[in-house]
Amino acid sequence: MIIKPDIIQYPIITDKTTKDIENNSYSFKVTKNSNKDEIKTTIEAVFNVKVKKINTMNMPHKIKTIGRFKGQTTQYKKAIIQLHEEYTIKLFED
């Protein structure tokens, strides 16, 4: 399998995902046309970890109102990666 590091765009950092980091679960925004096998090989190669499980979902548009203008957020694909217990990904600097 060919490793494509541009599949992973950035980690998703919210209150919920920072709580999930304690359970060794990480969330990333990935390209829309990537599949679970490509995501798994890329995560394992880039971060040097072993992936236990991957869940992917296409996040829908959200309607946002700013003043009297309405618009939509962009649609993206989200990957939730569960790692084996002995591995971690360091997202934050100490």
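E38 and K4 form a salt bridge, with the closest N and O atoms 3.4 Å apart. A salt bridge here is a side-chain nitrogen of Lys or Arg within 4 Å of a carboxyl oxygen of Asp or Glu. The pair links distant parts of the chain, 34 residues apart: E38 sits in helix α2 (residues 36–47), K4 in the segment before β1 (8–11). Helices (H or I, at least four residues) and strands (E, at least two) are DSSP runs, numbered from the N terminus. The model is predicted: local features need pLDDT of at least 70, side-chain atom pairs count only at pLDDT 80 or more, and totals for chains, interfaces and linings use all residues. Residues are numbered from 1 along each chain as its sequence is written, and side-chain values use heavy atoms, with hydrogens and water left out.

The two partners differ in accessibility class. E38 is buried, at a relative accessible area of 16%. K4 is partly exposed, at 35%. Buried means under 20% relative accessible area, exposed over 50%, and partly exposed in between (1.4 Å probe, protein chains only).

By this rule the count comes to two salt bridges. K52 and E85 also meet through their side chains, at 3.4 Å from N to O. This pair too links distant parts of the chain, 33 residues apart: K52 lies in strand β3 (residues 51–59), E85 in the segment after β6 (76–83). K52 is partly exposed, with a relative accessibility of 47%. E85 counts as exposed, at 59%.

Pairing requires at least two DSSP bridges between two strands. Eight bridges join β3 to β6, and the two run antiparallel. Within this pairing, T56 has A79 of β6 as its bridge partner. β2 and β6 are also antiparallel, over six bridges.

A cavity is a set of points on a 1 Å grid, over the protein atoms alone, where a 1.4 Å probe fits but cannot get out; lining residues have an atom within 4 Å of a point. The structure holds one cavity of 30 Å³ or more. The largest cavity has a volume of about 40 Å³, taken as the space filled by probe spheres set on the points, with grid points joined across faces, edges and corners. α1 (15–21) and β2 (25–30) each supply at least two lining residues. The largest share, three residues, comes from α1. The lining divides into six nonpolar, three polar and no charged residues.

Technical notes. On a 1 Å grid over the protein atoms alone, a cavity is a set of points where a 1.4 Å probe fits but cannot get out, and a pocket is an open set with protein on both sides within 12 Å along at least five of seven lines; lining residues have an atom within 4 Å of a point. Ala, Val, Leu, Ile, Met, Phe, Trp, Tyr, Cys and Pro count as nonpolar, Asp, Glu, Lys and Arg as charged, and the others, Gly among them, as polar.
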